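Here are some notes for a colleague who is new to this structure.

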Amino acid sequence: MSQQSQPSQLSQQPLTLRPVDVTTDLPSINDIYNTAWLEPSTLERVQEYESRITPGRIRLYLAAVDAQGALVGYTDTWHNPWMRDGEFQVEVIVATGARGQGIGSQLYDAANRFTQQHDATRRIVMLPAHDPASLAFAERRGFTIERHIFESRLDLADFDERPFIGALERARADGVRFFSMADLGDSEEAQRRLHEVNRRASLDTPGQHHTFAPFEEWRRFVCEASWYRADGQIVAAVGDAEDPLALDWIGMAAVGYMAETNSMYHMITGVDRPYRGRGLATALKLLAIRCARRHNAVYLRTNNDSENAPMLAINRKLGFQPLPGYYIVAKEGDAQAH
């Protein structure tokens, strides 16, 4: 929901809300998205996303078109099959030059009616924390801040790994083995094991709202994505077996390559609870940073929930610099349109 803090009188220009045409509208959708978020998307990434939409998704994808035929805003509102019953994700973004004219209100009202028709009991929205107008727009409609997700950035040219090598050496001395999907040939069996350790880590992350996607869906959005790098999916394991697939996988770190910015995104670091407090997260992050450097990325960025103090502390220790990040705002109950 990207809007001005105080909407002005509705534009006198006619406005049409119509379904998004993914064959023609995606360049404008991508441009509008990039007016709201600091990290840019690309048309190719949006097209890739559309090509992998979850079967069975309940979705409203509407474009707002002005009298000249220009696409000036959109809403993408959806419920995936693995989300909790009654929960919908809502996105409303209006182009910078078209804000303050009531366009966002019309889009939100359409999205809200759609969720009501599908018996929604909870609506969640991600809002850029650097844009207080978006937060005000949501709060006027009854949304409240549920989480603050901090973004952090590490400039790789300045990173000195020497203070952190000890964590990796201690882990290996304790019998922990580290390997990547590339080491395992990125086989389906290895991916299934990765999916399981990823699921455990994700569901144990503060601020997690959803259940986790089943393997086939996860593989489509992760292993088949353009950003996926098999050497960027790093696993920690213990056990006596020679075969890595026969070990107990106890943690992971995942980074993906973003060609448009020559950067890498650190998607998740997770360690099973019985193995925490041993420096494994630092060791995994160090291996992820090494991967980013192998790909000659300029920087590495990540997001962490404000309540995930241990991971935030590790990131600060490694030298990640804080950025505004985003809010997760939520509205419970059968909301009424405004």
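1. Glu87 and Arg122 are both buried, where buried means under 20% relative accessible area, exposed over 50% and partly exposed in between (1.4 Å probe, protein chains only). The two form a salt bridge, with 2.7 Å between the closest N and O atoms; the term stands for a side-chain nitrogen of Lys or Arg within 4 Å of a carboxyl oxygen of Asp or Glu. Glu87 lies in strand S4 (residues 87-94) and Arg122 in strand S5 (residues 122-128), so the pair links distant parts of the chain, 35 residues apart. Helices (H or I, at least four residues) and strands (E, at least two) are DSSP runs, numbered from the N terminus.

2. This is a predicted model, in which local features need pLDDT of at least 70 and side-chain atom pairs count only at pLDDT 80 or more, while totals for chains, interfaces and linings use all residues. Residues are numbered from 1 along each chain as its sequence is written, and side-chain values use heavy atoms, with hydrogens and water left out.

3. How many salt bridges does the rule count? The count comes to 25. One of them joins Glu39 to Arg301, with the closest N and O atoms 3.3 Å apart. Glu39 sits in the loop between helix H1 (26-36) and helix H2 (43-51), while Arg301 belongs to strand S11 (residues 299-305), 262 residues apart. Arg301 counts as buried because its relative accessibility is 13%.

4. Arg276 and Asp204 also meet through their side chains in a salt bridge (2.5 Å, N to O). This pair links distant parts of the chain, 72 residues apart: Arg276 is in the loop between strand S10 (263-271) and helix H8 (280-294), and Asp204 in the loop between helix H6 (188-203) and helix H7 (215-221). Arg276 is partly exposed, with a relative accessible area of 39%, and Asp204 counts as partly exposed at 28%. Elsewhere, salt bridges that share partners join Glu87, Arg122, Glu146 and Glu332 into one network.

5. Strand S10 is mostly covered, with eight of its nine residues buried. S10 pairs with strand S9 (residues 248-258) in the antiparallel sense over eight bridges; two strands pair if DSSP finds at least two bridges between them. Tyr257 stands opposite Met264 in S10. S9 and S10 form a hairpin with four residues between them, and Asn262 in the turn has a positive phi of about 45°.

6. S10 and S11 run parallel and are joined by three bridges. The bridge partner of His266 in S11 is Thr302.
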